[in-house]
Amino acid sequence: MNDEEGEDPLMSEFTQGTLLKIGHVSDILRLRRQLDMNCIIQVLNSNWAVFFYREQISIPYVEQFHLVCSLSFPLLAFYNFEDHGWGFTVYQDGQTYHKFDISYEEIDGNLQKIPPKLFNSFGFTAQELLEIANSLNRADVERFKLAMGFPEMSWLSYDYAVGDIEDDDSEIEVLHEPPLSSPNPPSDKLFRSSKDTPVYGPNDKSGLTPFQSKGLSGFFDSLGEVAILPVFQQVQYFTDGLAAFKRDNRWGFIDEEGAEVIRPSFDRIGFFSEGVALVSTEQNSLLIDHSGQVLQKYENVFEEKPFLNCFVEGHAIVTVNGQYGLLDRNGSFALDPVFSAIRQVCNGFAVVQQKGMPSFLWRTDGTRMEAPKGYTIAGGFSEGLAPVRSEGDRHYFSFMDLNGDIVLENMPIMLLSQGFNSGLMPIPGPKKKYGYMNTKGEIVIEPKFDTALGFIGDAALVENRGKTSFIRLDGTPYFKPKELRNLSQWSIRLHNPFVALDIFNSEYISKYTGELFFSSKSHHQ
């Protein structure tokens, strides 16, 4: 990895990545392709490979990718935030197997003892397990990295990465170590293909929810009745009145009655929004309307990840040869694809980054807005506020308004933040607990949760001691917290009260009652 000149090579300031043993590189390449995950994969050393993501990819989406991958091999998601603390999460058998977090501000010497068997699935010897356990009990991050075998993990992040393993056999021939086997292999039922999981996209008001039965996909309605029979190879959520479906490995679109509106003729598809969608064939990317009519034809095939995005406030992100651009509603380039990153338009602004240059805010009227003097852009606008960072300060954020004025100062770094939603944002508090802050900077829901995600409408997912619930805007739970270990977070949507209990969308609960609402097991074709 690239260390900055003059830095201690063992320093891991704001390191964050997900590690897997080298024998599973071909597996992670396959899953990255199947699940359309925009991550960089690199060989870290002779024992480990690593992958990591852009910050703007939603936490539930990343979490779900970890869970899917761990059905086949264990993962270790690791972070080290300089003088704040460090920790990791082990994913195995499609579950969050264990979490370990150390906060230097909170540490009192009473550390949790970690059982060495936690790392058995990574293939360590008894002596190596003892060294790992000793490092954990001492809360020594450098000792832990050395025991795990990735001491050179300094500055590990998407932005500092150089290169990526291409998804072809020539790049992985050197990785000759055989795949490791788990002492407790997952049961056969966990090896069902995850490629048929509906992709998380924009929210819709159709009242229809995708489900899978016997390997085929359909939709049920708000009464729990099957509305569109499971006859499709794969489906996505309805957006803008249409849902994508796959037949014979080609994509088309159906309406809310299940009638085919656009025949399956595309290799890749985006979501309909604002009356249009981006799609691709092998030769070209296209902008189409609800009838399937081609409005624009592009010489390049846009790369796949931005197809999770759609037109928002008249603009859509695309990439060409790894460079990001922005289309307007007519399909013309509002920003040519020459940038290293672009964040989706919100409140009339998009964050734009060019390699080696500070990020700036681009207005949809074509003008540019810089960060206030002494600050750098740290994120996009959400509900009229955007995070900025004082130059040289990695520990706190401030917020500026749409006029570029600083309105909230010295907010602690927000590891779970996706910005303000419904007027609230998760924020860390004492003892590694999370609460919620309003747009005035006031703590309105006290920090009392181990995990707290952003609000989606009137509900937010929270977790304490392994038990999950959804809370209201006043912080009260909709239902008594319970173990929902297989909850599929990427099925949480604004206008849909149902949340899938597994990545295959075969069972759904209500996020307002916690009770099972629909099960494909009770459906008979």
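Biologist: In which sense do E23 and E24 pair, and over how many bridges?
Modeller: This is a predicted model. E23 and E24 run antiparallel. Their pairing rests on two bridges.

Biologist: Which residue in the turn between E23 and E24 has a positive phi?
Modeller: E23 and E24 form a hairpin, with four residues between them. The phi in question is about 95°. The residue is Gly 366.

Biologist: How many bridges join strand E22 to strand E23?
Modeller: E22 covers residues 349-353, and E23 covers residues 360-363. They run antiparallel. Val 352 faces Phe 360 across this pair. The number of bridges is four.

Biologist: What phi does Gly 356 take in the hairpin of E22 and E23?
Modeller: Six residues lie between these two strands, and Gly 356 belongs to this hairpin. Its phi is positive, near 80°.

Biologist: Which are the edge strands of the sheet?
Modeller: Four strands make an open, antiparallel sheet, in the order E21-E22-E23-E24. An edge strand here pairs on one side only. That describes E21 (341-342) and E24 (368-369).

Note on methods: Residues are numbered from 1 along each chain as its sequence is written. This is a predicted model: local features need pLDDT of at least 70, side-chain atom pairs count only at pLDDT 80 or more; totals for chains, interfaces and linings use all residues. Side-chain values use heavy atoms; hydrogens and water are left out. Two strands pair if DSSP finds at least two bridges between them.
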